[in-house]
Every structure is written in structure tokens, then in C-alpha cells.
Amino acid sequence: MHDDQTPDWDLETLAIRAGHVRTNEQEHGEPIFPTSSFVFGSAAEAARKFGGEEPGNIYSRFTNPTVRTFEKRLAAMEGGERCVATSSGMAAILATALALLQAGDEIVASRSLFGSTVSLFDKYLGKLGITTRYVELSNLDAWEAAMTPATKLLFAETPSNPLSEVVDIAALAEIAHRHDALLAIDNCFLTPALQKPLALGADLVIHSATKYLDGQGRAIGGAVVGRDKELEELFGVVRTCGPCLSPFNAWLFTKGLETLNLRMRAHCDNAQALAEWLEGHPAVMRVHYSGLPSHPQHELATRQQLGFGAVLGFEVKGGREAAWSVIDATRLLSITGNLGDVKSTITHPGTTTHGRLSDDQRASAGINEGLIRVAVGLESLDDIRADLARGLDALG
Ligand SMILES: *Cc1c(COP(=O)(O)O)cnc(C)c1O
């Protein structure tokens, strides 16, 4: 910790200690450097730093010590050589595409992706001549069949939102590499506390730090972790195009990482107990959570993940009207599309997060009218259960 090296510590230790290089002030906590630029001792030093002959800070769009602490800590936790932080999760995905793809290239992606990711791929990357094909997340044959000589990137979220489908990351990496493509995993839902995609063969891990890395709903940010080779390209994009992370947000995320392991374990405990309770409730037809033995890929999830996360979906009898009545009966849970927060949230995917999809797209994604998503927070389990029971019991 006193130099730039990260020792071979366990994840719990890396989360608290990695990345901070103490300044001459001998501070114990990680400092914030809210400065746009940095000064040089001489004209010659400035020339060397601008020329890349000597390392050092120049301007905070390029590098900033507070941002670097967050990057180093997250890289160590994901087991990657390098991390580049960005101004949002979407900026992380955009920077990845701009760094690694060009006109004529193709992406093969899971059809169960964050909505803005689909818009980014279709609308904006489409304009640049990059096309995306979508396949069913867990169907490896479909991924294989979608590959062409132009495929350069495979992109997936696992487990998916809100149905908790899972893909075998090692098998997907094998398909990608056999076709000379890279595999990027959006690890937002599990975080390095519960899943290490790079160790399973993925080339890039993408984060919306806005979610569990911060964990307390305070700031927007993102990051990409991987090998030096690809991350150097990504760094070039962020440095030149400008979607850099602010030092203040980087500091919040750095402090967020310190409690990530504890928080994720507590999130999982609450979610598991809630999923089991929901599965036994007479008004609930089906619960989607990879921690339940009834989940079709429970065995794979158990092997690949260290926990099952805190996002679950459940279907109530009675369609939209019933689902809305359960949501409207809550007093504690926040009705919001956000997740990754100590505060529990509840939403109706069919009319919010997945509302822009056509009926056909929604049906093929398995989003029906009775589906409710809960991102389970860290309030008392009894209180969360009671809040949902009010609406569910009324359905009879
Ligand atoms: C929220 C989210 C994003 C986008 O992140 P922002 O920080 O909101 O830009 C990307 N992927 C997943 C899975 C997300 O949940």
C-alpha cells in the first residue's frame, strides 16, 4: 500500500487497502484531489510529461490521483491488469466500443441487456456501421450460430435482469476466442465480491459503479477492467473523447468498495430469504432467482458465482392490475427503476424498464404483465416482507 504494488491479498483486504499511495502528508484515509490540472517544476519537465517520456499527472481528463486509486482498487478486486474509470456505466460501454470496434465489425449480445445498452448498440453504434445481433443469453448454440468473421465482441450480463438467467462465462469465452473475438461481461449485478469474469476467461469486465460499487445511490460512474493491451486503447478514448470520472465520485466509489464484500453478503442473505418466502406465497406464480433450487440454471449459478445477488423477479396472478396493486401497496420499498442500493426498490418492468420494447420483444424476453422486480436492500428482512405481504395478501 505504501507503493504502487498490490500484494497478493484476499479480496476483503484489497477492497480496503489496494490503490492508495500515501502522500507526504501521511494521511490515513484516501484524499480527494479536486484539481483540473497539475503543475510542472520546469519547462523541461513539462515537455517530458507531455511527450510521454516521464510519467505524471498533466490534466484530470487524462489522469487524476483520486480516480487512479479507485481504478487500482477495482482492478485488483476484479483480478485485471488495469482499470479505466468513466463518467457512467453507459460511458464505459461506449468507450469499450469506440476503443475496440470499427465500421463493419459486429457485436453478438445477449438479448437480456440493460435497455440503454441496447439503444447504444442499435441506434448509435449502428450509425457508425457497427451491427449487433441478439441471442438468448443462456443458449450457447445460439451464440455460436450468430458468430461471423466480422464478429469482434461478445457482450453479456449474467445473471440477467429481471429474470436471473445465467450464461456459462467460461464456455462463452471459449466461443469468443475460437472466433478471434473478445468477451465483455457487464458485472454490475454481482460485482467482484460474487463473480470474477476475468478468472473465468472473459477479456473485459464492465461496471456501472452507480450500482453496488457505490452501493448507496450517491453518484453516477463506471469502469472497465481487463488487460493492459485493450485498456490502453480505452484510456486513449477516455482521454481524448472526455467521458472521464470526477475525482469526487471516484472517492465515493473508493469508499464504497471498502464495504462491498459485507454489503453483497448481506444483500444476498436478504434476497435469498425473500425469494424463498415469495415462492411459498399463494399469490405468487413464479420466482426468478438463481439462488433457488427451482431455477433452471441453479447448478451453473452455484458453480460460477459466489452468491446469487439481490435482484429478483416474481410473477403474480392477475397480470398488470395485480402487479401494480402490489407495488402501490408498499410503504417502505421505493418505487424506482434503480437498483444496487442499500434501499430496497420495486418496479414493474413491463411498463417501465422494458416499456419501450414491442409486445413481441417483451414476450421473447419473458417479461409478462404480472412480473415485478425487487432489488433487495439492507433494511430488516421482516420489514421488507411485511411491505410486500400487504399487497400480496390482498390478492388472496
Ligand atoms: C445501470 C446499468 C448500466 C448503466 O450504468 P449508468 O451508470 O446508469 O450509466 C449498465 N449496465 C447495467 C447492468 C446497469 O444496471
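## Lys-211 and the sheet around it

Lys-211 sits in the loop that links strand E6 (204–208) to strand E7 (222–226). Please keep in mind that this is a predicted model. The unreviewed UniProt entry annotates Lys-211 as "modified residue: N6-(pyridoxal phosphate)lysine".

Is Lys-211 buried or exposed? Lys-211 counts as buried because its relative accessibility is 12%, and the cut-off for buried is under 20%. Leaving aside residues up to four places away in sequence, Lys-211 touches Phe-114, Cys-188, Asn-338, Leu-339 and Gly-340.

Now to the sheet. Seven strands form an open sheet with mixed pairing, in the order E1-E7-E6-E5-E4-E2-E3. Its edges are strand E1 (82–86) and strand E3 (131–135), each of which pairs on one side only. From one strand to the next, the twist averages 20 degrees.

Strands of a sheet pair through backbone hydrogen bonds, and they may do so in parallel or antiparallel fashion. Which way do strands E2 and E4 run? Strand E2 (residues 106–110) and strand E4 (residues 151–157) run parallel and are joined by four bridges. Within this pair, Ile-107 stands opposite Leu-153 in E4.

| Helix | Lies across | Angle |
|---|---|---|
| H3 (residues 65–78) | E1, E6 and E7 | about 130 degrees to E1 |
| H7 (residues 169–178) | E4 and E5 (182–186) | about 150 degrees to E5 |

To come back to Lys-211, its loop lies between E6 and E7, and helix H3 lies across these strands as well as E1.

How values were computed:
Residues are numbered from 1 along each chain as its sequence is written. This is a predicted model: local features need pLDDT of at least 70, side-chain atom pairs count only at pLDDT 80 or more; totals for chains, interfaces and linings use all residues. Side-chain values use heavy atoms; hydrogens and water are left out. UniProt positions are given in the numbering used here, feature names are shortened, and annotations may be inferred rather than shown by experiment. Helices (H or I, at least four residues) and strands (E, at least two) are DSSP runs, numbered from the N terminus. Buried means under 20% relative accessible area, exposed over 50%, partly exposed in between (1.4 Å probe, protein chains only). Contact means heavy atoms within 4.5 Å. Two strands pair if DSSP finds at least two bridges between them. Axes are lines fitted to C-alpha atoms, for helices over the stretch in contact, and angles run from 0 to 180 degrees between N-to-C directions.
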